[in-house]
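This report describes one protein chain for a reader who is new to structures. Please look at the sequence and the model before reading on.

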Amino acid sequence: MAAPRTALLAHLQTWRPYTLWYPGLVGLAGATLAGAHPTTGQLTVAWAAPTLGWVAGHYLGDYYDRDLDALSKPQRPIPSGRLSPRAAVATGIGCIVAVAALALWANWRAVAVAAAAMAGIVAYSRVLKGRDLPGNLIRGVLTALTVLFGAMAVQPWPPWRALPFALVFLAHDTASNLVGTLRDVDGDREGGYATVPVRRGLRRATHTAAALYLAAVAVACAATGLVPRDTAGYLVLLSAAALCGAGAFGLLLRSPGHLAPALALRAHAVLVAERLVLAAAVVAAGAGAAPALALLTPLLAVSVITQSRMRSRHEFPAPHLADGGPTLPDPRP
């Protein structure tokens, strides 16, 4: 039983359970903004298709990053030999096929949105991930498309009021993805990935991410007048998300020129939880605070618990964990 158990654990680590709930919640947020009365089937598609697309992105991303991970993260499933590259590609493609089938079943027009998202996933994983700010921007675009897909799972075309919220997630996830690159400067540089912190320095990357996050919060506040149902619930959850975001960026901005990878990971871990609260705020906008909190509470608990138990091992080799890792000087102060 050792081999099947090892393979199952490798797949579970590839899914990253601490991030797995976010895309589905964003899809549901789009569905609640559609202004109709979605059926159980439509809500299932709004949740499941983005989740499967997210998982596909992890499999394909790990496949394309396998050489880089062999240098800086050899403990991950593919470089450690616990998951074969062929299995990663096959599972990723299988998830993409399932996304296409769900989109076609729900709304044939949504197939174009799903196809654009899948193309974006491949482009990000294969080409854009290590190409400065455009790589981070495509991650934001993918989440914006998720909002539109969720709305189109309910009605033929997304309503106009969904577009500002899509912009919120575009700016937010560009910022969050940029924060995620701060802990990998040495490995990315060695692997030839020209990320923002590699090319422009930790200080510039941190300030750019903070500016994008502030833009996301500003657009979210400006969109309050478009909330179709529960303005109070939306604002309360949005305020909670903004407080979490302030905590994450507070960690980073105290010493943006000298940043320990473990501290950068801690800040991103806060944003992983924060974005669930932000997505729940948009769910509250369209469906009310009670359903939003009913979804958010268990998902946030699972995310926090699985992050604490799994994420450091996934991001850092064991010797790095033992001493907390070195402090990275900013190569471009």
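## Overall fold

The model is predicted. Its chain contains 15 helices and two strands. The radius of gyration is 19 Å, close to the 20 Å given by the globule rule for 333 residues, so the chain is as compact as a globular protein of that length.

Among contacts with a separation of 6 or more, 79% are between residues 24 or more positions apart.

## Surface and charge

Of the 333 residues in the chain, 53% count as buried. The chain exposes about 13900 Å², and carbon and sulfur atoms supply 67% of that area.

There are 27 positive and 15 negative side chains. The centres of these two sets lie 4 Å apart.

## Nonpolar cores

In soluble globular proteins, nonpolar side chains tend to be buried together. In this chain the largest nonpolar core has 46 residues. The members that touch the most others are Tyr22, Leu25, Phe165, Phe169, Tyr234, Leu237 and Val282. Helix α13 (residues 261-287) provides the largest share of this core, 11 residues.

What is leucine 25 in contact with, leaving aside its neighbours within four places in sequence? Its contacts are Trp47, Leu276, Ala279, Ala280, Val283, Leu295 and Leu299.

A second, separate core has 22 residues, including Ala209, Ala210, Leu263 and Leu271.

Methods:
Residues are numbered from 1 along each chain as its sequence is written. This is a predicted model: local features need pLDDT of at least 70, side-chain atom pairs count only at pLDDT 80 or more; totals for chains, interfaces and linings use all residues. Side-chain values use heavy atoms; hydrogens and water are left out. Helices (H or I, at least four residues) and strands (E, at least two) are DSSP runs, numbered from the N terminus. The radius of gyration is taken over C-alpha atoms; the globule rule is 2.2 Å times the number of residues to the power 0.38. Buried means under 20% relative accessible area, exposed over 50%, partly exposed in between (1.4 Å probe, protein chains only). Contact means heavy atoms within 4.5 Å. Accessible areas come from the Shrake-Rupley method with a 1.4 Å probe; for residues, only the protein chains shown count as cover. Lys and Arg count as positive and Asp and Glu as negative; His and the chain ends are not counted. The place of a charge is taken as NZ of Lys, CZ of Arg, CG of Asp or CD of Glu. A nonpolar core is a set of buried Ala, Val, Leu, Ile, Met, Phe, Trp, Tyr and Cys residues joined through side-chain atoms within 4.5 Å.
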